[in-house]
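Subject: Structure for you to look at

Dear colleague,

I am handing over the structure we talked about, and my notes on it follow below. Please have it open while you read them.

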Amino acid sequence: MTRKIIEAHYVKGSLTPGEEVFLRVDQTLTHDINAVMTYLAFEAIGLPRVRTECSVSYLDHNLLYIDHKTPDDHIYLQSAARKYGVWVSRPGNGICHAVHAARFGVPGKICMGGDSHTPHGGAIGMLCIGVGGMDVATAMTGVPMRLKMPKVVNVRLTGSLRPGVNAKEVILELLRRVSIKGGLGKVYEYTGPGVETLEVPQRATIANMGAEMGATSSIFPADAQVKKFLTAQHRADAYTELLPDPDVVYDEVIELDLSALEPLAACPHQPDNVKPLRLVEKQPVQQVFIGSCTNTSYADVARAALVFRGHHVNENVSCTCGIASRQTYRELMRDGYIDMLLAAGVRMLEIACGPCCAIGQTPATNGIAVRTSNRNFKGRAGNPNAKIYLVSPESAAATAICGTFASAEDVMGPDVAQLAAIHEPEQYLVDDSMLLPPLPSEEAARVELVRGPNIQPLPVPEAPADHLEAPVSLKAGDNVSTDDITPASAEFSSMRSNIPLMSRYCYHRYDPGFAERAKAMGRSIIAGGENYGQGSSREHAAINPMYLGVKCVLAKSIARIHKGNLVNHGIVPMLFADPADYDRIGQEDVLEIEHFRAQIAARRVTVRDKTRGFAFEAVLDLTDSEVQVVLCGGQLRYLKQQLAKETT
Ligand code: F3S
């Protein structure tokens with residue numbers, strides 16, 4: 001399925017895994033806390049209108065207008081969408097991934113989204129890839145997108161989920177087996193008789209959290225379940241079948257029996273730290289959040305509500321619920337499930353990402369938070385001292401009742417079988433009144449962009465110099481996440497349109513002195529361990545260090561999306577040829593690279609540690625076009641060159 005879609009969108013390059021391929025992109029999506037930079041870049045490129053079939057700007061993450069910054073962003077984004085021929089999903093309509101799959105997704109198409117969980121849309125047989133905001137701006141120009149041709153892993157599902165066991169368990173089990181790095185350079189393609197038993201939102205939970213394995217994407221067949229889903233969304237015409245060929249040969253095969261799964265939990269502080277829920281120590285839980293794009297479909301929340309029936313939220317637990325879309329919220333309200341949640345003492349939140357990205361509902365110091373979302377890095381909930389466990393909505397409800405880790409079966413006993421009767425609605429409550437369609441070109445051309453004081457210019461990096469001498473401003477450890485580099489929370493999210501302000505907080509929880517030190521150094525290099533830049537697609541984790549003068553990241557390994565963001569924003573990503581050299585260098589050591597540009601082009605760089613008097617080798621795991629982008633000084637300069645060539 002993956003190869004069929006890639007071949008149908010092929011422009012140039014190689015179809016050999018690991019090599020570079022260029023693809024036509026049909027759709028893009030952006031969301032409010034990343035997108036201002038994307039639209040500023042599109043504006044700087046100078047095209048009058050997007051050249052995709054469909055681009056959507058979602059205003060969905062931060063709806064807490066605690067000061068002028070977020071409304072400034074939302075007003076700018078709405079004006080940019082109106083000007084450039086982009087749909088707007090207004091605040092309150094829903095979280096990008098849930099709305100996009102339901103209202104815009106088309107099997108067989110390619111969607112690039114400025115959010116790492118964009119693969120959610122793989123649930124309907126679409127190839128959806130999470131990229132940085134600059135890549136989305138590129139896709140909107142119609143310039144073919146570069147991608148490393150992925151390997152395709154077949155996950156063959158058999159059996160069916162037992163009542164009280166959720167699709168969350170499928171992806172947690174895979175994370176347990178594969179780890180947070182195991183999916184690098186791979187698309188997970190789900191097949192087998194077990195797939196037929198999974199409804200589209202269940203598939204979406206699995207595809208969504210494929211991002212936690214570092215995968216390029218995940219995809220399910222466009223089959224009878226997808227047809228049923230799109231028909232129930234009144235979009236039967238969008239359906240086309242997409243199935244794997246009977247004689248398909250995959251790069252790798254994983255077998256997974258759905259019937260054998262039991263409730264699981266991802267324990268702090270990584271989503272692959274997975275254990276059976278029954279083995280998690282029964283400590284007091286302070287907070288439960290049933291929400292996020294990952295796991296709040298109709299059936300998810302209805303099942304959680306049934307677990308609550310006849311019970312109340314434990315007096316020591318703060319339990320909130322944030323539903324992924326207005327459509328789902330209204331259906332749950334119509335069918336009485338919201339009332340069941342309220343009766344149990346659950347606090348209903350806005351239809352937004354909210355707590356998932358630390359916008360509200362911060363756990364207490366050392367508090368244990370149990371969440372149905374997809375990430376549990378330190379600080380992801382806004383408090384680095386809290387411990388986050390990821391579970392299914394059924395287990396979250398049971399935990400909220402018991403005040404400690406519990407499964408639906410612990411609360412319901414044999415009645416847990418009743419949960420099996422809950423399915424997605426036959427007909428969804430379709431209401432697109434919160435979606436603003438693109439304006440006709442003439443009207444769009446007259447739209448003025450509205451720039452409040454929070455909208456500051458996009459910083460543009462310089463091309464690398466031929467001689468670099470710079471100190472190490474930070475020696476970071478393994479698994480540094482983009483949350484460590486640029487923290488999530490209402491306060492910081494609304495600074496993302498204002499780099500001079502936000503860069504002051506770069507690494508501020510991980511190393512509070514970093515921003516001042518890097519600025520004082522003028523130009524510097526960051527050294528990192530394994531899996532540097534894992535987690536969210538947040539390109540600010542590249543933009544802020546670039547603004548502070550960071551020229552290179554030199555790590556043992558770098559997460560896929562973050563590496564792309566470094567390239568796009570003019571920071572040279574380099575890997576230690578011998579990882580043992582990481583231990584030999586120290587923070588504040590002065591590193592020197594001669595003939596830097598020629599060495600970048602050769603993808604092998606000799607670095608001299610002047611402080612300690614030794615030299616070592618670094619390699620650049622970059623494609624030809626990424627090398628060109630790096631040498632140009634980032635994607636914006638590169639893209640302008642490409643478009644100028646197109647017009648001459
Ligand atoms: Fe939003 Fe969290 Fe999903 S931030 S897009 S609900 S991963």
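The shell around the ligand draws at least three residues from each of two domains, domain 1 (2-260) and domain 2 (266-421), where the domain bounds come from an automatic or database domain assignment. Please keep in mind that this is a predicted model, in which local features need pLDDT of at least 70 and side-chain atom pairs count only at pLDDT 80 or more, while totals for chains, interfaces and linings use all residues. Residues are numbered from 1 along each chain as its sequence is written.

The ligand shell

There are 13 residues around the ligand, and S292, C293, C353, C356 and C357 come nearest (a residue is near a molecule or strand if its C-beta atom, placed from the backbone, lies within 6 Å of it). Sorted by class, this shell has six nonpolar, six polar and one charged residues; here Ala, Val, Leu, Ile, Met, Phe, Trp, Tyr, Cys and Pro count as nonpolar, Asp, Glu, Lys and Arg as charged, and the others, Gly among them, as polar.

S292 sits in the loop between β15 (287-291) and α10 (298-308), with helices (H or I, at least four residues) and strands (E, at least two) taken as DSSP runs and numbered from the N terminus. S292 counts as buried because it has 27 C-beta neighbours inside 10 Å; the cut-offs are 20 or more other C-beta atoms within 10 Å of a residue's own for buried, 12 or fewer for exposed, and partly exposed in between, with C-beta atoms placed from the backbone.

Other backbone features

N366, which is not a glycine either, has a positive phi of about 60 degrees, and its place is in the loop between β17 (347-348) and β18 (368-371). With 10 C-beta neighbours inside 10 Å, N366 counts as exposed. A cis peptide bond, with omega about -5 degrees, joins P268 and H269, and H269 is found in the loop between β13 (264-266) and β14 (274-276).

Leaving aside residues up to four places away in sequence, V301 touches I290, T296, C321, I323, L332, Y337 and P393, contact meaning C-beta atoms, placed from the backbone, within 7 Å.

Domains 1 and 3

The domain assignment also gives domain 3 (468-647), and the centres of domain 1 and domain 3, taken over C-alpha atoms, are separated by 27 Å. Between these two, 34 residues of domain 1 are in contact with 29 residues of domain 3. On the domain 1 side, α2 gives the most, with seven residues, and the residues of that side divide into 13 nonpolar, 13 polar and eight charged.

Helix α19

The buried residues of α19 (residues 514-521) are F514, A515 and A518. Seen down the helix axis, they fall within an arc of 95 degrees, so they line one face of α19 (the arc is that of the directions from the helix axis to the C-beta atoms). They pack against β21 (468-475), β22 (524-528) and β23 (550-555), and just after α19, G522 takes a positive phi of about 85 degrees.

With best wishes
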